[in-house]
Structure formats: structure tokens, C-alpha cells
Amino acid sequence: MDIGEARLMARELMDEHGLHDWHLVLDRAKKRAGVCRSAERTIGLSAPLTRLHSVEQVRDTVLHEIAHALVGPRHGHGPTWRAMARRVGASPERCLPEDAPSVPGAWVGTCPAGHTIDRHRRPTQVSSCRQCSSRFDPDAVFTWTHHGVPAVMSAAYERQLTALRFAAEREGSGDAVSVGDRVRVLTPGRYQGFVGVVVKRGRTRFHVRGRGAVLTVPFDHVEAA
């Protein structure tokens with residue numbers, strides 16, 4: 001939809017429903033079509049998505065946010081909001097249909113099987129393909145490109161990936177450490193040689209309790225004690 005026409009339509013709908021002292025803003029959001037900021041008495045529309053959406057979709061987005069404005073922020077997408085959405089003529093659904101046009105992310109992840117996902121921001125956590133496995137699978141980790149160019153990930157991302165793969169190798173070899181096991185910390189420094197019990201296993205680190213302290217230690221920095 002044309003941005004100018006969307007602006008006029010939104011302003012008319014806001015005035016029609018009594019929001020004369022509310023402001024309309026166009027922003028650069030790419031993952032949500034609209035927003036209601038009650039504290040600022042503002043309704044916002046995503047300019048990139050508005051350009052892609054039909055007149056009917058933009059109208060529904062505006063009415064969706066008008067319903068939020070009329071009932072107040074504490075109702076969320078609950079029954080009170082849904083009733084108001086129907087009253088003003090909006091779909092009582094919290095999101096646009098899945099087939100509504102969207103802005104593709106510049107970051108594209110591809111798993112070894114060829115499945116892809118996209119992100120608008122640089123990934124900071126290692127993730128694997130949900131189509132290949134419902135649980136994290138180091139053999140289905142995404143490889144990332146940015147604007148079509150193979151991406152160099154951050155040092156923290158690479159450390160996490162190394163730790164996850166190391167943990168998977170230990171599990172595959174039968175040398176896994178589990179919650180309740182007694183371990184020795186190998187990390188050089190003050191806590192090298194610290195002995196304790198694994199009380200929690202995170203995605204990349206063990207939580208080891210001993211001598212009145214709890215340490216978080218990378219998977220590959222412990223051994224059975």
C-alpha cells in the first residue's frame with residue numbers, strides 16, 4: 001500500500017474511533033506491522049511492511065492497534081481486547097496471517113540438509129534446524145551468510161559452537177558428564193583443580209557446586225574426579 005494513503009487512512013480511522021489526541025508514526029520495524037504505545041498516546045505502523053501489505057491488511061493492522069488503545073495496555077490480547085477488536089472491525093487475532101508479505105532478514109542460516117531461516121540481526125546464539133531435529137543437534141547447526149556473503153561469526157559464538165560440539169562428542173563416546181557427577185575444574189587460574197558436583201547443565205556450561213561456591217564451567221573444562 002502507498003505510504004501516503006496508509007497515513008491518511010490510519011488518521012481517519014483513529015479520529016473515527018475518538019483517538020483525536022493520539023499521534024500516528026511510521027517506523028522502520030521489520031518484524032511487526034503495528035504497535036500501540038499507550039503511555040505516549042501513539043500508534044505506529046511499520047513503513048517497510050506497510051509498503052508490502054494490501055489495503056485490507058493495513059486497515060486491519062490499524063484497527064488492531066486502535067482496539068489496544070481503547071481498552072488499555074493491561075488487557076493484552078485477552079478477551080476484553082478481542083471483544084473490542086470485533087467491535088471496531090478488526091480481526092480478533094494477535095498476528096497477521098502467516099502468508100502476509102514480510103521483509104526477509106539480511107542474515108540467512110542454512111542447515112546441512114538445505115533448510116533455511118532468516119534473521120534481521122546477527123545471531124548471537126548457536127541454533128540448529130528444527131525441521132531436522134526438535135532438540136538441539138550439533139549435526140544440524142546453521143551456517144550463516146549476511147547479504148549473501150559467508151559471515152564471520154563473533155568469537156563468543158565460535159566458543160559456544162566449539163563447546164556444544166565437544167559436549168556432543170563426549171556424549172557420543174560415552175564419556176558424558178551428567179548432573180550429580182563429581183568433577184574437577186581444568187580452567188587455568190584461581191579455580192583450577194576445584195572439585196565439586198555438577199548441579200545443572202546449561203547449553204554450553206556446567207554449574208559445579210563445591211567448597212561453598214558454585215562455578216559455571218565450559219563443558220570441555222571439567223573431568224571426572
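Student: Which strand does strand 4 pair with, and over how many bridges?
Tutor: This is a predicted model, and in it strand 4 (residues 107–110) pairs with strand 6 (residues 143–146) over four bridges, in the antiparallel sense.

Student: And which residue sits opposite Trp 107?
Tutor: That's His 146, in strand 6.

Student: What's the strand order in the open sheet?
Tutor: The order is 5-4-6-7, four strands with antiparallel pairing.

Student: OK, switching topic. How do strand 2 and strand 3 run, parallel or antiparallel?
Tutor: Antiparallel: four bridges join strand 2 (residues 34–37) to strand 3 (residues 42–46). Cys 36 faces Ile 43 of strand 3 across that pairing.

Student: How many residues are between the strands in that hairpin, and which residue has a positive phi?
Tutor: There are four residues between strand 2 and strand 3, and Arg 41 is the one with a positive phi, near 50°.

Student: Now strand 9, what does that pair with?
Tutor: Strand 8 (residues 182–185) is joined to strand 9 (residues 195–201) by three bridges, with Val 183 opposite Gly 196. Strand 9 also pairs with strand 10 (residues 205–210) over four bridges. Both pairings are antiparallel.

Student: Which residue is the bridge partner of Val 198?
Tutor: Val 208, in strand 10.

Student: And how many residues does the hairpin from strand 9 to strand 10 go through?
Tutor: Three residues link strand 9 to strand 10 there.

How values were computed. Residues are numbered from 1 along each chain as its sequence is written. This is a predicted model: local features need pLDDT of at least 70, side-chain atom pairs count only at pLDDT 80 or more; totals for chains, interfaces and linings use all residues. Side-chain values use heavy atoms; hydrogens and water are left out. Two strands pair if DSSP finds at least two bridges between them. Helices (H or I, at least four residues) and strands (E, at least two) are DSSP runs, numbered from the N terminus.
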